[in-house]
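Subject: Structure handover

Hello,

Here is the structure for you to look over. My notes on what turned up follow below it.

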Amino acid sequence: MADVAFLAEFVDGAPSRSALELAAGAAELAAAGGGVAVGLAYGPGAGEGAGALGAAGAGRAVVLGSDAAPAVTVAGPLVASVREAAPQAVLAPATPNGRDLAAILVGSLGAAAFGPIRAVRMEGGQIRCEMSTLQGSVITVSEPTSEAPATAVILVSAGTYAPREGGSGSAAVSAAPTEDSPQSSVRVVETQAETAAIAALEEADVIVAGGRGVGGEAGFAELEKLAAALGGVVGASRAAADAGWVPYQLQIGQTGKVVKPALYMAVGISGAIQHRVGMQAAEHVVAINRDPDAPIGEFADLFVVGDLFEIVPRLTAQIEQRRGA
Amino acid sequence: MKIAVCVKQVPATTAEKRYTPDLRLDRTATEAIVNPLDEYAIEQALRLKEAGQADEIVFLSMGPEGAAEAVRRALAMGGDAGVLVTDPALAGADEWVTAKVLAAALDKLAPEVSLMGMASDDARGSLVPGAVAAVRGLPLLAYGSELRLTDGAAQVRRLNPTGFDILEAPLPVVASVTDQVGEPRYASLKGIMAARRMELTTWSLADLGLEAAALTARSRMVEARPPATKPPAERITGVGADEAATRITDWLASRKLIA
Ligand SMILES: Cc1cc2nc3c(=O)[nH]c(=O)nc-3n(C[C@H](O)[C@H](O)[C@H](O)COP(=O)(O)OP(=O)(O)OC[C@H]3O[C@@H](n4cnc5c(N)ncnc54)[C@H](O)[C@@H]3O)c2cc1C
Ligand SMILES: Nc1ncnc2c1ncn2[C@@H]1O[C@H](COP(=O)(O)O)[C@@H](O)[C@H]1O
């Protein structure tokens, strides 16, 4: 029996988008080995909500913690649960919280670590992970060695799996065993709210991203209109976030979010490699840039050479018109 | 207050990268640099020293002998001492092996803060800081946009979905910082000359009381291939803004991207 566990982070009483995606992924992998998906639930509301992971694909759920403490504080119950259940893999979201917990599993168990993965395959009971490595310049495939313990730790980027739709049923919920962990001493001493709720880039089908070329907040207001016309949200390069035009939560790239929308519009963004690694998985890339030699032209599907200030408002109007027609 | 900054040597960001036939990164083929995100960790440590909150900065790297160059480049920016852990048995080290080795070296250096970059360019995992924390049994304060030291505790300012949290843990801690800590300084010529003359400490696995046989990698690469190449972009160029907007709209509509 090869169960596959996944980290299920709860936000405000409901499973996060990553929990739903990973539930679907874990269910798919577990089915291949005749096991079930096991949700490792934490965060506010995880206790009451864990059963609902059943509809998302989980056969069982274990509650690691239900309060708003930093995610890393569930390290004790997490490590103890994984030791006890010894699933074939633990899928973790490739977010800061997910990586912190994945890393603690790796250090505590001496586990094989993979990811963020493009795909996982089960071949004759052996896990094989395909990854995009070295800034996307190589695709590599790796597997656990014979020295590795039973459980592999796998980071999964947002958008790798689609949440199950119309699922039903409830997962059997149990409390986690626990062990002492130094992470229990980590606490939040202050929270600085800077912005109202920000649309989650990882969930967006359409992202209109702006860079230094957008020039300021007024330029970003134009991008907001374009994004609204396309039913999408606004993202940004680091240069735009550094300039203070948008909050860092909207930064895409190596040190920002990694996104996988159906449409990515890069407006006034040159296409530096650190930006590219955050958006290269987008299905369609449209770039608007006045420099015909901008590197973004090397990996866009449609490259529009021109002035964004002239093109963007006209594009917004045309799309609105077309949608109205 | 002692801060140990872990610096990794990686291939230059934009260099062409290759794997050797036995699927190891060909480190002879490319220019090597200090992992760019580690420069931010160096910068953070140096700022804390300048502010009088730390008095000793030590740089630690694990890698081939040539990685001494990365330690020297860090020292050229500032700091007090450099340590290189190098051993032939470490070729092919994975996250867990790296964490075990760095943890043993850090135990020996016994800093109040073991500081790392948020990710290494050639691994992308961001797993080493947390794995080191777990091996050493210390609290983890990762992804700081700033590291602060208070009496007996460390704090990091960390991005959350709507703002920032200030996370705190009692010293000693393992911490990592992001590229939001402030732009890394350039090494001065004087700094470069001084770093060249500095004596580095070199430790082997035996010096750390570790046995190679107990440090076998938990994962291995079985395949490396180039990504599928994308066809060149369609271009819209040399047309007026109205025409460009129409053609973009048509392009989007033909791909059903306008709902
Ligand atoms: C360790 C590290 C991590 C990093 N992480 C990230 C990351 O996560 N995300 C990220 O984005 N960057 C990251 N960077 C920074 C990255 O290297 C680039 O500096 C950054 O992406 C550039 O942003 P940009 O494209 O907006 O600005 P620029 O490179 O300045 O490009 C602006 C573009 O706008 C165009 N333009 C200007 N005016 C107009 C106009 N009127 N009409 C049309 N086009 C116009 C210009 O032709 C140019 O191509 C990182 C760097 C480092 C060292
Ligand atoms: N071989 C190494 N030597 C020194 N520090 C390292 C090494 N590998 C990883 N690190 C540190 O761990 C951080 C995260 O790396 P990674 O987990 O590989 O993404 C890096 O930014 C470094 O600070």
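A:Q251 is buried, at 3% relative accessible area (buried is under 20%, exposed over 50%, partly exposed in between; 1.4 Å probe, protein chains only). This is a predicted model, in which local features need pLDDT of at least 70 and side-chain atom pairs count only at pLDDT 80 or more, while totals for chains, interfaces and linings use all residues. Residues are numbered from 1 along each chain as its sequence is written, chains are lettered from A and ligands numbered from 1 in the order in which they are written, and side-chain values use heavy atoms, with hydrogens and water left out.

Back to A:Q251. The residue sits in the loop between α7 (238–242) and β14 (263–267) of chain A. Helices (H or I, at least four residues) and strands (E, at least two) are DSSP runs, numbered from the N terminus. The side chain of A:Q251 makes a polar contact of 3.0 Å with that of A:T255. For that term, the rule is a pair of N or O atoms within 3.5 Å; within protein, one must be able to donate a hydrogen and the other to accept it, and residues adjacent in sequence count only if both atoms are side-chain atoms. Leaving out residues up to four places away in sequence, A:Q251 touches A:A236, A:S237, A:R238, A:A241, A:G256, A:K257 and B:D179 (contact means heavy atoms within 4.5 Å).

Two of those neighbours also pair with each other. A:R238 and B:D179 form a side-chain salt bridge, 2.7 Å from N to O (a side-chain nitrogen of Lys or Arg within 4 Å of a carboxyl oxygen of Asp or Glu). This pair crosses between chains: A:R238 is in helix α7 of chain A, and B:D179 is in the loop between β11 (173–177) and α5 of chain B. A:R238 is partly exposed at 30% relative accessibility. B:D179 is buried at 8%.

Next, A:R322 and B:D250. Their closest N and O atoms are 2.9 Å apart, in a salt bridge. A:R322 lies in helix α9 (residues 308–324) of chain A and B:D250 in helix α6 (residues 241–254) of chain B, so this pair joins two chains. Both count as partly exposed: A:R322 at 34%, B:D250 at 36%.

Helix α6 of chain B also holds a pair of its own. B:R247 and B:E243 meet in a salt bridge of 3.4 Å, N to O. They are 4 residues apart, about one turn of the helix. B:R247 is partly exposed at 33%, and so is B:E243 at 40%. Elsewhere, salt bridges that share partners link A:R118, A:R121, A:E123, A:R128, A:E130, A:E143, B:R220, B:E223 and B:R225 into one network. Over all chains the count is 30 salt bridges.

Now the strands. In β7 (residues 140–144) of chain B, 5 of 5 residues are buried. β7(B) pairs with β11(B) in the parallel sense, over 3 bridges (strands pair if DSSP finds at least two bridges between them). B:G144 has B:V177 in β11(B) as its bridge partner.

Last, the surface. B:L189 is exposed at 65% relative accessible area and belongs to helix α5 (residues 189–197) of chain B. With B:I192 and B:M193, B:L189 forms a nonpolar patch of about 270 Å² accessible area together. Patches take residues with over 30% relative accessible area and no salt bridge, joining like charges within 9 Å and nonpolar side chains (Val, Leu, Ile, Met, Phe, Trp, Tyr) within 5 Å. Accessible areas come from the Shrake-Rupley method with a 1.4 Å probe; for residues, only the protein chains shown count as cover.

Best wishes
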